[in-house]
Amino acid sequence: SQKEVLKMMTTKTVYKQQLVIKQINLKKKDLYKKAKQLGYTHALVVASSQELDALLNHYQGIFPYDEVG
């Protein structure tokens with residue numbers, strides 16, 4: 001039924017959202033650790049920051065601001 005399909009899509013969307021949030025949080029921890037050890041301008045820190053930016057952009061693309069709780 002249409003109701004079951006909608007419920008399944010919602011469950012899938014919530015799972016996807018949680019997965020992306022987990023990836024973002026792990027990348028943030030990694031970034032803070034690298035920045036503390038190497039300094040904010042080190043190439044590895046900059047690269048990690050760019051990876052975090054990409055994850056955040058991905059999240060915003062999937063869940064635009066007006067749709068997020």
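The protein exposes about 5,900 Å², and carbon and sulfur atoms supply 60% of that area. Accessible areas come from the Shrake-Rupley method with a 1.4 Å probe; for residues, only the protein chains shown count as cover. This is a predicted model, in which local features need pLDDT of at least 70, side-chain atom pairs count only at pLDDT 80 or more, and totals for chains, interfaces and linings use all residues. Residues are numbered from 1 along each chain as its sequence is written, and side-chain values use heavy atoms, with hydrogens and water left out.

The protein has two helices and zero strands. Both terms refer to DSSP runs, numbered from the N terminus: helices are H or I with at least four residues, strands are E with at least two. Helix H1 covers 2-38. Gly39 follows H1 and has a positive phi, near 95°. Helix H2 covers residues 43-62.

The expected span of a helix is 1.5 Å times one less than its number of residues.

Of the 69 residues in the protein, 16% are buried. Buried means under 20% relative accessible area, exposed over 50%, and partly exposed in between (1.4 Å probe, protein chains only). In H1, the buried residues are Val20, Ile24, Lys27, Leu31 and Ala35. H2 is part of what covers them.

In H2, the buried residues are Val45, Ser48, Leu52, Leu55 and Tyr59. They lie on the same side of H2, because they cover an arc of only 80° around the axis. The arc is that of the directions from the helix axis to the C-beta atoms. Ala43, Asn57 and Gly61 are exposed on the other side of H2. The buried residues of H2 pack against H1.

Leu52 shows this packing in detail. Leaving aside residues up to four places away in sequence, Leu52 touches Ile24, Lys27, Lys28 and Leu31. Contact means heavy atoms within 4.5 Å. Among contacts in the protein with a separation of 6 or more, 56% join residues 24 or more positions apart.

Which residues make up the largest nonpolar core? The eight are Val20, Ile24, Leu31, Ala35, Val45, Leu52, Leu55 and Tyr59. H1 and H2 each supply at least two residues of this core. A nonpolar core is a set of buried Ala, Val, Leu, Ile, Met, Phe, Trp, Tyr and Cys residues joined through side-chain atoms within 4.5 Å.
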